[in-house]
Amino acid sequence: QVQLVESGGGLVQAGGSLRLSCELSGMLFSIDAMGWYRQNAGTQRALVAQMTGSGTPTYADSVKGRFTISRDNAKNTMDLQMNSLKPEDTAVYYCNYRRVKTGTTFWGRGTSVTVSS
């Protein structure tokens with residue numbers, strides 16, 4: 001099993017920055033993928049950014065150029081640096097871990113981000 005705990009959420013003004021962190025523990029493999037998802041009220045969780053085991057990042061079009069995902073396998077952490085935040089970025093952000101061999105996914109409980117105008 002894999003356990004994930006997010007932190008770093010909060011309230012910021014538009015144009016500000018936040019850095020989200022995810023601490024992982026359990027059975028971890030470097031080839032597995034990690035990512036950040038977010039969910040607004042009344043919507044399903046959507047991909048924000050993903051980092052494969054090979055280090056290839058993927059971003060949602062809405063955050064390209066503003067968000068940066070990183071992972072540190074030695075520290076078992078994953079971060080999401082969010083710059084130039086917009087009110088549309090307001091959501092609960094979830095850390096995700098995906099076992100590539102099985103497709104099994106693991107989720108954290110989420111951290112709330114609110115961006116004011």
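## Ala33 and strand S4

Ala33 lies in strand S4, which covers residues 33-39, where a strand is a DSSP run of E of at least two residues and a helix a run of H or I of at least four, both numbered from the N terminus. With a relative accessibility of 3%, Ala33 counts as buried, a class defined as under 20% relative accessible area, whereas exposed means over 50% and partly exposed lies in between (1.4 Å probe, protein chains only). Leaving aside neighbours within four places in sequence, Ala33 is in contact with Gln50, Met51, Thr52, Arg71, Asn96, Tyr97, Arg98 and Val100, contact meaning heavy atoms within 4.5 Å. Phe67 stands 34 residues from Ala33 along the chain, and the C-alpha atoms of the two are separated by 18 Å.

## Basis of the model

The model is predicted, so that local features need pLDDT of at least 70 and side-chain atom pairs count only at pLDDT 80 or more, while totals for chains, interfaces and linings use all residues. Residues are numbered from 1 along each chain as its sequence is written, and side-chain values use heavy atoms, with hydrogens and water left out.

## The chain as a whole

The protein chain holds 11 strands and zero helices. The radius of gyration, taken over C-alpha atoms, is 13 Å for the protein chain, close to the 13 Å that the globule rule gives for 117 residues, so the chain is as compact as a globular protein of that length; the rule itself is 2.2 Å times the number of residues to the power 0.38. Along the principal axes, the C-alpha atoms fill a box of roughly 40 × 25 × 25 Å.

Of the 117 residues, 37% count as buried, and the accessible surface comes to about 6,200 Å², with 49% of it belonging to carbon and sulfur atoms; these areas come from the Shrake-Rupley method with a 1.4 Å probe, and for residues only the protein chains shown count as cover. Among contacts between residues at least 6 apart in sequence, 55% join residues at least 24 apart.

## Strand S1 and its pairing with S3

S1 pairs with strand S3 (residues 18-26) in the antiparallel sense over six bridges, pairing being assigned if DSSP finds at least two bridges between two strands. Within S3, Glu23 is the bridge partner of Val5.

Asn96 belongs to strand S9 (residues 91-98) and, at 3% relative accessibility, counts as buried.

Lys86 sits in the loop between strand S8 (77-82) and S9, and is partly exposed at a relative accessible area of 36%. Although Lys86 and Ala14 are 72 residues apart along the chain, their C-alpha atoms are separated by 5.0 Å, and the residues that Lys86 touches, not counting those up to four places away in sequence, are Arg66 and Val115. Arg99, placed in the loop between S9 and strand S10 (105-107), counts as buried at 18% relative accessibility; leaving aside neighbours within four places in sequence, Arg99 is in contact with Phe29, Asp32, Thr104 and Phe106.
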